[in-house]
Amino acid sequence: MKRPLDELLTFAERAYVRMEAEQLIHQCLDQGDPSLFFDLIKGLVLAGSSSLGVMREIRDEIRSARTSLTREGMTVRQELMDALMEFGVHLPQLLSADAPEAFRAIVSRGLRRQAHQAAGRLTREDEVVLEEICQEAGNRVSAIARRLMLLVRLEESVEDWLTSLAYEATQTGGWPGTTSRPHSIQ
């Protein structure tokens with residue numbers, strides 16, 4: 001009877017740590033400071049190979065956050081494309097670019113020049129609005145890119161520690177849930 005209770009407690013602990021990590025990831029993204037997240041990771045690393053499962057879940061949470069941010073960036077790109085079309089501006093190279101390249105293009109001053117050239121003759125007011133639209137999209141994409149870079153940094157750190165913990169587990173026989181070393185594959 002003790003085994004199911006232990007499994008339930010382990011599951012609850014992992015769920016709690018994952019929720020805490022999710023909150024810390026969002027806090028780090030909002031503040032631009034990963035130190036609280038790294039403190040959590042440090043504690044998990046000190047716990048040893050028993051934290052491998054939780055670390056994998058944290059990595060998955062980071063990847064989920066990255067996917068969400070990338071989608072948000074693609075939404076900005078689509079909104080920009082829709083707004084430019086209202087001015088008669090078609091920039092197919094922006095639509096066909098992958099996420100990082102599209103983000104760079106949106107932030108660049110070259111996009112504004114291309115938009116103005118493609119727009120032809122606009123009234124002064126329309127030129128100002130077009131400039132504001134491009135500027136706003138650039139600001140939004142820049143913020144998303146900063147957050148993505150921070151997530152990459154967090155993920156790389158977790159990946160490094162996962163590799164180290166897995167190596168430690170293979171060398172010491174400390175595989176979670178077992179009392180022996182794994183069998184070598186031949």
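This passage describes the fold, the surface and selected side-chain interactions of a predicted protein model. Residue numbers start from 1 along each chain as its sequence is written, and side-chain values rest on heavy atoms, with hydrogens and water left out.

The protein chain contains seven helices and zero strands, where helices (H or I, at least four residues) and strands (E, at least two) are DSSP runs numbered from the N terminus. Along the sequence, the order of elements is α-α-α-α-α-α-α. Of the 186 residues in the chain, 35% are classed as buried; the term denotes a relative accessible area under 20%, with exposed meaning over 50% and partly exposed the range in between (1.4 Å probe, protein chains only). Among contacts in the chain with a separation of 6 or more, 68% are made by residues 24 or more positions apart, a contact being defined by heavy atoms within 4.5 Å. The accessible surface of the protein chain amounts to about 11700 Å², and carbon and sulfur atoms contribute 54% of that area.

Helix H3 spans residues 52-86 and comprises 35 residues. The distance from its first C-alpha to its last is 51 Å, close to the 51 Å expected at 1.5 Å a residue; the expected span is 1.5 Å times one less than the number of residues in the helix. After H3 comes Gly 88, which has a positive phi near 80 degrees.

Ser 51 occupies the loop between helix H2 (35-46) and H3. With a relative accessibility of 4%, Ser 51 is buried. Its side chain reaches the backbone oxygen of Gly 48 at 2.8 Å. When residues up to four places away in sequence are not counted, Ser 51 touches Leu 44, Val 45 and Leu 165.

Ten salt bridges are present in the structure, each defined as a side-chain nitrogen of Lys or Arg within 4 Å of a carboxyl oxygen of Asp or Glu. Side chains of opposite charge can pair when their charged atoms come close. One of these salt bridges is formed by the side chains of Glu 159 and Arg 63, with an N to O distance of 2.9 Å. This pair connects distant parts of the chain, as Glu 159 lies in helix H7 (residues 124-172) and Arg 63 in helix H3, 96 residues apart. Both partners are partly exposed, Glu 159 at 25% relative accessibility and Arg 63 at 37%.

A further salt bridge joins the side chains of Glu 79 and Arg 140 (2.9 Å, N to O).

Within helix H5 (residues 99-107), the side chains of Glu 101 and Arg 104 form a salt bridge of 2.8 Å from N to O. Because the two residues are three residues apart in H5, about one helical turn separates Glu 101 from Arg 104. Glu 101 is partly exposed at 42% relative accessibility, while Arg 104, at 52%, is exposed. Elsewhere, salt bridges with shared partners unite Arg 59, Asp 60, Arg 63, Arg 66, Glu 155 and Glu 159 into one network.

Arg 59, a member of that network, is located in helix H3. Its relative accessible area is 16%, so Arg 59 is classed as buried. The side chain of Arg 59 makes a polar contact with that of Glu 159 at 3.3 Å. A polar contact is a pair of N or O atoms within 3.5 Å; within protein, one atom must be able to donate a hydrogen and the other to accept it, and residues adjacent in sequence count only if both atoms are side-chain atoms. Leaving aside residues up to four places away in sequence, Arg 59 touches Glu 155, Val 158, Glu 159 and Leu 162.

Key. Predicted model: local features only at pLDDT ≥ 70, side-chain atom pairs only at ≥ 80, totals over all residues. Areas by Shrake-Rupley, 256 points an atom, 1.4 Å probe, with all protein chains shown as cover.
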